[in-house]
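Please look at the model first.

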Amino acid sequence: MSRVATAILAFLVCAPLPAQWLHYPTPGVPRTKEGKANLSVPAPKTIDGKPDLSGIWASADNKYLQNLAADGIQVPFQPWAEKLYKERSENLGKGRPSEHCLTHGVTDFDALGINWKLVQTPGVIAMLYEAYNHYRQIFLDGRPLPKPTQPAYLGYSVGKWESDTLVVDTTGFNDRGWLDDGGHPQTESLHVTERFRRRDFGHMDLQLIIDDPKAYTKPWGPTLHLNFQPDDEIMESICENEKDVPHMVGK
Amino acid sequence: MTKNVLIALIAISAPLAAQWSYPTAGIPRAADGKPKLSAPAPRAADGKPDFSGTWDVEHNKACPPEGCIDFYAPQEFSNIGWGLKDGLPFQPWARDLAKSRSAALRKDDPLSHCLPIGILELQTIPMFRKIIQVPGLLVILNEYNASYRQIFTDGRPMPADPQPSWTGYSTAKWDRDTLVVETSGFRDGIWLDTRGDTITDAAKVTEKFRRPNLGRLEVEFTVDDPKAYTKPWTIKLNQILQLDTDLLDYICLENEKDLSHFVVK
């Protein structure tokens, strides 16, 4: 990534200043004798015996936000998708939805190293994102995925438990979102599978499977690592007073 | 005013009705399948009323003979003090500000710019809200701009100096079956309605949430903002349960075409 693109990215994602109320102790967090959060104890369970994924999380490494294939995955592009990806890269990411304060989708929210909160109930999970102050719902009540009729940035998500792994299927995406900031394309045929496994109190593995036969010849995706953020909160981060677009001149 | 209303309607084109309807679980129904909305409100595991559900505003505006418009807002959406006999107890500057905002045809209304709206307008905008109640936290998901608000019920104190924000910082405690929510830490100048009534950064808002039965949520708002009003004022903004439906993914900035048409007289 060029220095200009890095600078622009840093400029666009200016994190809000820390505030004192952020550091209220998170209730229910196991602690050491010194009062520090003990993040290596087993993951908590809900009353119905399922893993409780609730809490504030952030991707451990922001490199996946820039490129979901950062670990050296050979992305199985369809030719047109590869051409578009190259154009976006060479043009320093011009046209990225965030340039116009438009939201991330599922995969780039997952890869984002900014806090988000997971609120779990038996029938639905809400993900509250600090970025853009948007949310996403995952229905756990056994409903089927609907026939997609209204393409959307965040699609429609249903989840089910496979042993201790929450498997979430999402379809109903639009073709306007970018899978990551680098610009891996998506089409309306995109189907994302996320496999969430909370390894212990402080760590969650998230395997992403990107299945979009119009853009890729076979499914692909990284496994992300999420860190629990104790004694922290999500802030209201609104993309306002936007001054960047005129400076996004591309190559 | 007609032009003003027209702009408002264009700016907020409501999303199409979803084909995502799915039967809401756990609703008591009569023999013919009709939901019993007057049944008692459900209770959470801790015995407190459970406000969870998808809610629409209670409509208090008559529809014209030709039928209701798509974006069918209650009276308070355009005039938050509509139900007050003597109107809002303005400080003079706050009255003047609302007049000038109206005169400018809402050019600077955050709603017109896809920016967040305040917690009172979030209760009057005719787009659904969904409450998710878990121990320690009440989350309100707003269809408007796919946004959310957190209300902490874990006993934490109000921070001494909250960072000013659109939704403020909310803590709550139970008074029998009423959840009393205190919010402060607002940005200065938030719009309360489309005519431009305002609150300042000194505002404290108290909400009393009650669910008298399954189908109804009553929310009493008291606004105490000595900078903008000569005394506190109280209104009720009620919500009606919506079954077999859910929120849509509504991203206001997507394909936004209105701003360039905002022509001020």
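## Strand pairing around S12(B)

In this predicted model, strand S10 (residues 216-224) of chain B runs antiparallel to S12(B), and 2 bridges join them. Arg216(B) has Ile240(B) as its bridge partner in S12(B).

S12(B) also pairs with strand S1 (residues 53-57) of chain B. That pairing is antiparallel too and spans 4 bridges. Here Asp56(B) is the residue whose bridge partner in S12(B) is Ile240(B).

## Interface of chains A and B

Chain B puts 44 residues in contact with 45 residues of chain A. The area buried between the two chains is about 3600 Å². Carbon and sulfur atoms give 59% of that area.

Between chain B and chain A, 14 residue pairs are in polar contact, both residues being at pLDDT 80 or more. The rule finds 2 salt bridges across this interface. One of them links Glu254(B) to Arg176(A), with the closest N and O atoms 3.1 Å apart. On the chain B side, the elements giving two or more residues are strand S2 (129-134), strand S3 (137-142) and strand S4 (147-152). The residues on that side comprise 25 nonpolar, 10 polar and 9 charged.

Methods:
Residues numbered from 1 in each chain as written. Chains lettered and ligands numbered in written order. Predicted model: local features only at pLDDT ≥ 70, side-chain atom pairs only at ≥ 80, totals over all residues. Heavy atoms only, no water. Contact = heavy atoms within 4.5 Å. Buried area = accessible area lost by both parts, 1.4 Å probe. Salt bridge = Lys/Arg side-chain N within 4 Å of Asp/Glu carboxyl O. Polar contact = N/O pair within 3.5 Å; in protein donor to acceptor, adjacent residues only side chain to side chain. Nonpolar A, V, L, I, M, F, W, Y, C, P; charged D, E, K, R; others polar. Pairing = 2+ DSSP bridges.
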